[in-house]
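Hi everyone, thanks for coming. Let me put the structure up, and then I'll walk you through it.

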Amino acid sequence: MNSSPAHTQPAVPAADSVSETPDAPARTGYVPGPDTLRAETAFAGTNFANPAFAETAFADGGSAPFSVAATGAAPSEWRDTTSAAIFGAQSTLAEPARIPLAPPPPLAENAVFQSFVLLLAATYAMLLYRNLGDVRTLLGRISRDAATGKRFSEDPGGSGYSRFLNIATAIGLLFLGVAAVKYGDTLMPGRLAASIPQGAALIFSLLVSLASLGIAAYQTIAVRLAGALTLSQPFIAQLMLLKRTCFALGMILISPPLLLFALCPQGTGGVWFCIIAVELAAAAVLYLKETLNLFLSKKVSILHWFLYLCTVEVFPVSLLWLLAVR
């Protein structure tokens with residue numbers, strides 16, 4: 001039985017395979033172009049759902065299927081390209097943000113060094129507690145009349161006071177090492193601090209104290225030789241007692257702010273440093289004044305006093321400083 005034209009239906013193209021739904025509108029009049037034909041030929045039999053294909057085909061930003069379709073080349077596992085080809089000719093590379101490395105810990109904040117500082121502070125407190133009378137005597141001599149120029153050159157008597165001066169001098173030498181480490185750590189560059197072992201802080205402090213002891217030994221020998229040549233040993237004994245007394249007085253007054261400055265974190269403690277500088281200047285002025293009064297009371301010219309300062313006080317310190325700088 002032949003069908004009539006009224007019962008004839010035109011052929012409708014199949015639904016788009018992308019939609020995969022029977023109710024999706026069919027695209028009529030679609031004619032694949034040459035690029036599409038080449039793409040279909042290049043990717044014939046390719047499983048687009050395969051993860052391996054997604055990794056290789058879209059490794060350059062997702063344009064690999066279209067570029068391969070345009071050139072007709074089969075996809076490859078590796079493909080070399082440049083950043084200009086992907087992002088444009090005017091694109092620039094941005095350096096990734098780098099996390100800065102932590103700076104090396106300061107030498108003065110080493111646990112061994114700070115333990116030594118605390119032990120030294122306990123020794124200082126014990127010295128004040130056990131020799132409170134000698135400390136009062138030492139501090140009281142500041143207010144005495146200086147007309148005779150013998151405030152600190154007169155021995156108040158008793159072996160206990162001499163022992164107190166010796167212990168205070170030894171503690172003061174150790175404090176000089178602590179001050180040198182703290183001040184050097186403040187001025188030391190970061191690269192040099194990183195190359196120095198942390199345990200070297202205590203060794204450096206003890207070396208500075210030993211060098212200070214060497215300077216004190218040189219000063220004692222030089223003054224004793226001058227006294228032997230000039231037959232003025234009593235005057236030399238008074239001068240040495242004056243030096244020990246002024247050094248002990250400076251140690252007692254400067255040690256508390258020095259301890260606080262040594263235990264402060266790096267970059268802090270400016271107030272304590274200023275207090276230390278002021279007290280050091282005051283102690284130096286007091287020592288110069290007392291030595292000048294002693295020289296004048298013994299009828300010794302100012303020229304000899306100036307020669308004593310240059311030869312005994314300034315020369316060894318400046319020599320050691322030049323050696324350390326070089």
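Let's start with one side chain: Ile-203 counts as exposed because its relative accessibility is 54%. For the cut-offs, buried means under 20% relative accessible area, exposed means over 50%, and partly exposed is in between, with a 1.4 Å probe and protein chains only. Before going further: this is a predicted model, where local features need pLDDT of at least 70 and side-chain atom pairs count only at pLDDT 80 or more, while totals for chains, interfaces and linings use all residues. Residues are numbered from 1 along each chain as its sequence is written, and side-chain values use heavy atoms, leaving out hydrogens and water.

Ile-203 sits in helix 9, residues 200-230. Helices here are DSSP runs of H or I with at least four residues, strands are runs of E with at least two, and both are numbered from the N terminus. Together with Leu-207, Leu-210 and Leu-213, Ile-203 makes a nonpolar surface patch of about 410 Å². Patches take residues with over 30% relative accessible area and no salt bridge, joining like charges within 9 Å and nonpolar side chains (Val, Leu, Ile, Met, Phe, Trp, Tyr) within 5 Å. The areas are Shrake-Rupley values with a 1.4 Å probe, and for residues only the protein chains shown count as cover.

Is Ser-212 buried or exposed? Ser-212, also in helix 9, counts as buried because its relative accessibility is 15%. Setting aside neighbours within four places in sequence, Ser-212 is in contact with Leu-173 and Leu-176; contact means heavy atoms within 4.5 Å.

Now for the overall fold. The protein has twelve helices and zero strands, and buried residues make up 28% of its 326 residues.

On to helix 12, residues 302-325. Its 24 residues should span 34 Å at 1.5 Å a residue, and the end C-alpha atoms are 32 Å apart, which agrees; the expected span is 1.5 Å times one less than the number of residues. Helix 12 also bends by about 45 degrees at Val-314, with Pro-316 following within four residues. That bend is the angle between axes fitted to the seven residues ending there and the seven starting there.

Among the buried residues of helix 12 are Trp-305, Tyr-308 and Glu-313, and their cover includes helix 9, helix 10 and helix 11.

How many salt bridges does a search of the whole structure find? The search finds one, counting a side-chain nitrogen of Lys or Arg within 4 Å of a carboxyl oxygen of Asp or Glu. Glu-313 pairs with Lys-243, with the closest N and O atoms 2.9 Å apart. The pair links helix 12 to helix 10, 70 residues apart, and both Glu-313 and Lys-243 are buried.
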